[in-house]
Amino acid sequence: ADNLSDALKKLKITTTDSTADSLEGCLDCLLQALAQNNMETSEKIQKSGVLQVFANLLTPQSSCTAKVANIIAEVARNEFMRNPCVDAGLIPPLVQLLNCKDQEVLLQTGRALGNICYDSHEGRNAVDHAGGAHIVVDHLRSLCSKTDPASEKLLTVFCGMLMNYSNENDTLQSQLINMGVIPTLVKLLGIHCQNAALTEMCLVAFGNLAELESSKEQFAYTNIAEELVKLFKKQIEHDKKEMIFEVLAPLAENDVIKLQLVEAGLVECLLEIVQKTVDSDKDDDIAELKTASDLMVLLLLGDESMQKLFEGGKGSVFQRVLSWIPSNSHQLQLAGALAIANFARNDGNCIHMVDNGIVQKLMDLLDRHVEDGNVTVQHAALSALRNLAIPVVNKAKMLSAGVAEAVLKFLRSEMPPVQFKLLGTLRMLIDAQAEAAEQLGKNVKLVERLVEWCEAKDHAGVMGESNRLLSALIRHSKSKDVIRTIVQSGGIKHLVTMATSEHVIMQNEALVALALIAALELVTAEKDLENAQLVQILHRLLSDDRSAPEIKYNSMVLICALIGSEPLQKEVQNMAFLEVISKLRSHENKTVAQQASLTEQRLAVES
C-alpha cells in the first residue's frame, strides 16, 4: 500500500521532470496493485487525481504508452471509473493512439476504449465524438485476413470494443452498419471460424446489429447464412448453440435470409436437434427443442422458403413436421400445428393437405386439449384449420369430416386468442355453405355465446369476429329459423351497431344480413330494429359523403325492405329520407344512382 501511495505521488510530479525508468517503475507498481485488488486500487487512483496525468502520458512517442493504456483498461473494468476516465479527457488521446503501428499499444488501447464504453452512455458519446469507431472498423478490414495469433487477439479486442460501443444503442448501431461493418464481420467469421474467442465476439456483435431492419438488408448480401450453419454444425456445447440461435432468430425474420438459411441446410440441423432432444427432460435439451422448433416455424413464414420445404407435399421436412402433431411434447404439438398453418398459406397446399388427411390429425390434437388444454396448442391447431378452410373445395370436405363439431367443443373457452380463432374457423367453414350455416345458426348455445362475445369491448378482435359470424350465419343460410334464433338471443342490436363499423367490409356484411332479416322475418325483428335505431343510422350513412358506394346502395335496399313495417315506415317518413335520396340520383356510381331512383319511387308511393 505504501508503494502504491509513493507511486501515485511520483506520477503526479512525474510528467515534467522524471526519467522513463522511474515512470515505468511507478506504472508497474500500479499494475501490480490492480492485479491484487482492482476495485480498491482504482478508488485510490481516482482520489489521487492521477487520471488527468495519464492524458499527457498517452503519446505514440513514449515507451510507457502501452502500460498507461493497460492501466486505464484495468480501472475501467469498474463501473464507477468510466465517467471519471471520460472527464479526465482520456478518450481523445486514446483514439489518437488507434493510428499507431505498435501492436501492444493497439491492443491495450482497444481494451481501454472497449471497457470505458461498456454500459456507459458518456463513454460511447466521447468515443463517437472523437471518431474512434471509424478507425477500428478500418483496422478490422485491414487485419481481417491475417491468421497469426497476435492479429487474431487484436481482432477479438476490436470486435469487443465495437460491441460495447454499440450495445443497445440504435444510433450507433446504424452508424456502424452505414460504415459497412457487416460484410467485414461476416468475412471474419468465415476466416477465423477455428478461433473460439473471436467467433464468439463476432456472434455477439451480430446479435447486437441483427435487430435493426437496415442490417438485415446488408446481411442478405453476404454469405452469413452459410457461415452460421457451418458453425452451428460444429457446436457441441449448449451455450454456443444458444449464441448462434440468438443471431439466427432476428436474421430469419428477413425473407431473403430465410431462403438462404433453408438452402444452407439449417432445417436439417433443426430437425436433428428435435430428434435428439424430444424425449429428454434436461433443462438444456428442453430449451434447445423449443428454440429449434420455434425457428423452424419462423423459416416457414417466408413464402419461398415455405414452398421449398413443402415440395408439393412430398418434402421430407413437411412429413417430419406432420409427425410432430401426434407427439407427446406440447412444444412439438404447438410447432407442428403452427407449421401446418404456415404451409396452409396458399390454396394448392391447403387442398393437398386436406386430401391427405391432415384434418383428422388436427382434430385428434384438439381433442387431446379440450379439458384443461394447452391454450397455445388450441390456438395453433385452430389457426391451421382456419387456413385450411379458405379454399372453396375444402369447406364441404372439412364439414363432413366433423370440423365444426370439433371446434364447437371450445365454445366454453375463456381465452380471447382461442375464441378469436374458433370464430374465424367457423366463419371460413360456412362461407357459401347454406346447410352448414343453417345448422350452426339454429344452435342456440353458439348464437348466445356469439351475442355475449359481441360485447367483448376489451377484445376488439373477438368482438369483430363474433359480429361477422352472426352476419355470416344469416347471409349464407338465408333461413328464417336462423333469423328467429338470432332475434331471440338478442343479436339484432349488434348487427345494427356493426353497420356503423369503421371497416367497410363489416358495414357491408351487416347491411346485407339486415336486409335479409327485413325481407324474411320483418315482423319478428321489428321491435329490435326500432330499439336499435336502425332508421336513424341508415339516414346517417346515406347523408355521409364518406360512405362507400356499396354502403349507400345496401342502405337504400334496406330502407325499401323496412317500409313493409308500419312503425319503421313512420320513422322513415319522419326523417325526410326523400331529400337525401334525391341527391343520390346524380351519384357518380351508376348502381347507386339507379337504386336512388328506385328507392325514391318506393318512398313516394308509400307516403
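1. Glu 168 is exposed, with a relative accessible area of 71%. Here exposed means over 50%, buried under 20%, and partly exposed in between, using a 1.4 Å probe and protein chains only. Glu 168 sits in the loop between α11 (149-166) and α12. Helices are DSSP runs of H or I with at least four residues, strands are runs of E with at least two, and both are numbered from the N terminus. The phi angle of Glu 168 is near 55°, a positive value in a residue other than glycine.

2. A word on the source: this is a predicted model, where local features need pLDDT of at least 70, side-chain atom pairs count only at pLDDT 80 or more, and totals for chains, interfaces and linings use all residues. Residues are numbered from 1 along each chain as its sequence is written, and side-chain values use heavy atoms, with hydrogens and water left out.

3. Look next at Ala 432. Its phi is near 65°, again a positive value in a residue other than glycine. Ala 432 belongs to the loop between α29 (416-430) and α30 (434-441). Ala 432 is exposed, at 61% relative accessible area.

4. Now the salt bridges. The whole structure contains 31 of them. A salt bridge is a side-chain nitrogen of Lys or Arg within 4 Å of a carboxyl oxygen of Asp or Glu.

5. Which residues pair with Lys 216? One is Glu 213, with the closest N and O atoms 3.5 Å apart. Another is Glu 253, where the closest N and O atoms are 3.1 Å apart. Glu 253 lies in the loop between α17 and α18 (255-263) and Lys 216 in helix α15, so this pair ties together parts that are 37 residues apart in sequence. Lys 216 is buried, at 2% relative accessibility. Glu 253 is partly exposed, at 47%.

6. Glu 509 and Arg 475 also form a salt bridge, at 3.9 Å from N to O. The pair links distant parts of the chain. Glu 509 is in helix α35 (residues 504-520), and Arg 475 is in helix α32 (residues 460-477), 34 residues apart. Are these residues buried or exposed? Both Glu 509 and Arg 475 are buried. Elsewhere, salt bridges that share partners join Glu 24, Asp 28 and Lys 67 into one network.

7. A disulfide is a covalent bond between the sulfur atoms of two cysteines. The cut-off used is a pair of cysteine sulfur atoms within 2.5 Å. How many disulfides does the structure hold? The count is 0. Cys 29 is in no disulfide, and the nearest cysteine sulfur, that of Cys 26, is 7.3 Å away. Cys 29 is buried, at 17% relative accessibility. Cys 560 is buried as well, with a relative accessible area of 11%.

8. Last, Gln 175. This residue lies in helix α12 (residues 170-178). Gln 175 is partly exposed, at 23% relative accessibility. Gln 175 and Leu 51 are 124 residues apart in sequence, and their C-alpha atoms are 30 Å apart in space.
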